[in-house]
Amino acid sequence: MGKFTFCFATFFASVLTCGWAATNETIPAVIWHGMGDSCCNPFSMGSIKRMLEEKIPGIYVRSLMIGDSIIEDMENGYFMNANDQVKQVCDKLASDPKLKNGYNALGFSQGGQFFRAVAQRCPSPPMINLISFGGQHQGVYGFPHCPGENYTICNYIRKLLNLGAYESWLQDNLVQAEYWHDPLNEKLYREKSVFLADINQEREVKPAYKTNLMQLKNFVMVMFGKDTMVDPKETEWFGFYDPGQGKVKYTLQESALYKKDLIGLQQMDKDKKLHFLTAMGDHLQFTDEFFDKEILPFLK
């Protein structure tokens with residue numbers, strides 16, 4: 001297949017184990033879309049699903065729908081509590097007999113950190129490889145652009161976050177607030193963040209989160225080198241701003257998350273389970289060649 005640039009569902013776009021080892025069957029894949037997208041958009045997740053089915057004949061691919069319709073699915077990407085979304089997905093995966101022996105997870109934009117939460121909270125069925133495309137694992141601090149067709153929703157969300165991302169009613173109902181990470185007020189973030197601070201073990205430490213994540217065979221993180229949608233883009237590799245300001249950044253290896261090994265990333269790094277990849281495009285833009293060379297080997 002010739003080279004093409006695959007661009008879909010940006011951060012706010014409104015278009016977008018074990019059991020297999022003894023057999024020669026393909027490992028199922030489950031995909032989770034980003035904000036403003038839906039499970040079945042033919043230009044985003046639909047295209048990804050078709051691509052996987054073409055490249056890996058016989059593979060079972062499930063594209064997650066959050067809710068009971070495509071409209072609900074898109075709306076829930078903005079307004080359904082992230083913890084409730086993760087719980088719904090855990091239930092869906094557990095009830096799918098085709099996934100009982102394990103699956104590979106591909107999360108796009110916020111689907112990346114949501115799938116990580118699934119790995120940490122719901123070890124059955126087993127997630128084998130986690131591939132995060134532009135996931136915001138240390139959260140975001142600002143939204144530089146708001147592309148897509150529905151500018152009204154984007155502008156509304158900006159105004160709500162400006163009012164106070166850590167207000168309880170926003171934390172309970174606005175997805176973006178649940179992984180908003182304010183480096184100017186780390187204490188408030190740790191106290192009030194109902195999702196991100198939890199899965200990053202910055203509140204109550206839950207040993208299972210670490211144990212479960214370390215069961216992954218590989219944790220692949222794709223950062224987009226020219227990302228203008230996610231601030232900072234280094235969050236896609238667990239980097240973020242140093243506390244107290246919004247300019248100087250730290251890497252995963254410099255973070256307390258890594259040094260204290262709160263979720264197992266230090267040990268996974270030593271075990272060569274962590275893979276840091278760069279796609280030289282804007283948010284969620286990558287070539288067919290990049291996918292074939294860098295991603296496909298983890299799926300076969």
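Where does Pro-125 lie? Pro-125 is in the loop between H4 and strand E5 (127-133). The model is predicted.

## Two cis peptide bonds

Most residues other than glycine have a negative phi, and most peptide bonds are trans. Two prolines here are worth a look against that background. The bond from Ser-124 to Pro-125 is cis. Its omega is near 0°.

Asp-231 and Pro-232 are also joined by a cis peptide bond. Here omega is about -5°. Pro-232 sits in the loop between strand E6 (218-224) and strand E7 (240-241).

## A positive phi

Asp-261 is not a glycine, yet its phi is positive, at about 50°. Look for Asp-261 in the loop between H10 and helix H11 (265-270).

## Helices H3 and H4

Two packed helices are described by the angle between their axes and the distance between the axes. Take helix H3 (residues 82-94) and helix H4 (residues 110-121). Their axes come within 10 Å. They cross at roughly 60°. The crossing of H3 and H4 is right-handed.

Which residues meet in this contact? From H3 come Ala-82, Asn-83, Gln-85, Val-86, Val-89, Cys-90 and Leu-93. From H4 come Phe-114, Ala-117, Val-118 and Arg-121. By class, the contact of H3 with H4 has 8 nonpolar, 2 polar and 1 charged residues.

## Helices H1 and H12

Helix H1 (residues 45-55) packs with helix H12 (residues 288-299), their axes coming within 12 Å. The crossing angle is roughly 70°. H1 is therefore roughly perpendicular to H12. H1 passes H12 in a right-handed crossing.

H1 brings Met-51, Leu-52 and Lys-55 to this contact. H12 brings Asp-288, Phe-291, Asp-292, Leu-296 and Leu-299. The residues of the contact of H1 with H12 divide into 5 nonpolar, no polar and 3 charged.

## The largest pocket

Rolling a probe the size of a water molecule over the atoms shows where empty space is left. The largest pocket has a volume of about 290 Å³. It is lined by 15 residues. Closest to the centre of the pocket are Glu-186, Arg-190, Glu-202, Ala-256 and Leu-257.

Which elements give two or more residues to the lining of the largest pocket? They are helix H7 (186-192) and helix H10 (256-259). By class, the lining has 5 nonpolar, 5 polar and 5 charged residues.

Methods: Residues numbered from 1 in each chain as written. Predicted model: local features only at pLDDT ≥ 70, side-chain atom pairs only at ≥ 80, totals over all residues. Heavy atoms only, no water. Axes fitted to C-alpha atoms, helices over the stretch in contact; angles between N-to-C directions. Helix = DSSP H or I, 4+ residues; strand = E, 2+ residues; numbered from the N terminus. Left-handed = near helix turned anticlockwise from the far one by under 90°. Contact = heavy atoms within 4.5 Å. Nonpolar A, V, L, I, M, F, W, Y, C, P; charged D, E, K, R; others polar. 1 Å grid on protein atoms, 1.4 Å probe; cavity = no way out; pocket = protein on both sides within 12 Å on 5 of 7 lines; lining within 4 Å. Points joined across faces, edges and corners; volume = space filled by probe spheres on them. Parallel < 35°, antiparallel > 145°, perpendicular 65-115°, else oblique.
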